[in-house]
Amino acid sequence: MLTLQNWLSFYEKNYVCVGRVIGRFYGEDGLPTPALTQVEAMITRGLEANKLELQEKQTFPPCNAEWSSARGSRLWCSQKSSWNSSLALAPGSLKHACYRLTLQFLW
């Protein structure tokens, strides 16, 4: 839905509106239909979710991963990363096992 919103924003910014297409989103009277109201609500929820995700990434930055044929795989995390606390766990603990499974999945 957010992709559609970006597309719509582009057209609203660069083109003049000359009318609406009668159908799923606008009735013959030119007014929005309940379907358009639902789409707008989904877009609003998507924008809010993106905002929350950005805030979470600023608080807990994601870890980084890279692979090269010369060095192989490498994973590193910043001090703020949510994974950093998992790195210090004792081997054999449940979180340590989940961390190892995640690393195996990444590579």
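**Figure 1. Helix H1 supplies the largest share of the lining of the largest pocket, six residues.** Helices (H or I, at least four residues) and strands (E, at least two) are DSSP runs numbered from the N terminus. The structure is a predicted model, in which local features need pLDDT of at least 70 and side-chain atom pairs count only at pLDDT 80 or more, while totals for chains, interfaces and linings use all residues. Residues are numbered from 1 along each chain as its sequence is written, and side-chain values use heavy atoms, with hydrogens and water left out.

**Figure 2. The largest pocket holds about 780 Å³ of space.** Helix H1 (2-14) and H2 are the elements that give two or more residues to its lining. In total, 21 residues line the largest pocket, and Trp7, Leu8, Glu12, Tyr26 and Leu36 lie nearest its centre. A pocket is an open set of points on a 1 Å grid over the protein atoms alone, where a 1.4 Å probe fits, with protein on both sides within 12 Å along at least five of seven lines; lining residues have an atom within 4 Å of a point. Grid points are joined across faces, edges and corners, and the volume is the space filled by probe spheres set on the points. Sorted by class, the lining comprises 14 nonpolar, three polar and four charged residues (nonpolar: Ala, Val, Leu, Ile, Met, Phe, Trp, Tyr, Cys and Pro; charged: Asp, Glu, Lys and Arg; polar: the others, Gly among them).

**Figure 3. Glutamate 53 and lysine 57 form a salt bridge.** A salt bridge is a side-chain nitrogen of Lys or Arg within 4 Å of a carboxyl oxygen of Asp or Glu; three are found in a search of the whole structure. Here the closest N and O atoms are 3.6 Å apart. Both residues belong to helix H2 (residues 34-59), where they are four residues apart, about one turn of the helix. Glutamate 53 is partly exposed at 42% relative accessibility, and lysine 57 is partly exposed at 43% (buried, under 20% relative accessible area; exposed, over 50%; partly exposed, in between; 1.4 Å probe, protein chains only).

**Figure 4. Salt bridges link Glu66, Arg71 and Arg74 in a network.** Between glutamate 66 and arginine 74, the closest N and O atoms are 2.9 Å apart. For the salt bridge of glutamate 66 with arginine 71, the corresponding value is 3.9 Å. Glutamate 66 has a relative accessible area of 33% and is partly exposed. Arginine 74 is also partly exposed, at 32% relative accessibility, whereas arginine 71 counts as exposed at 59%.
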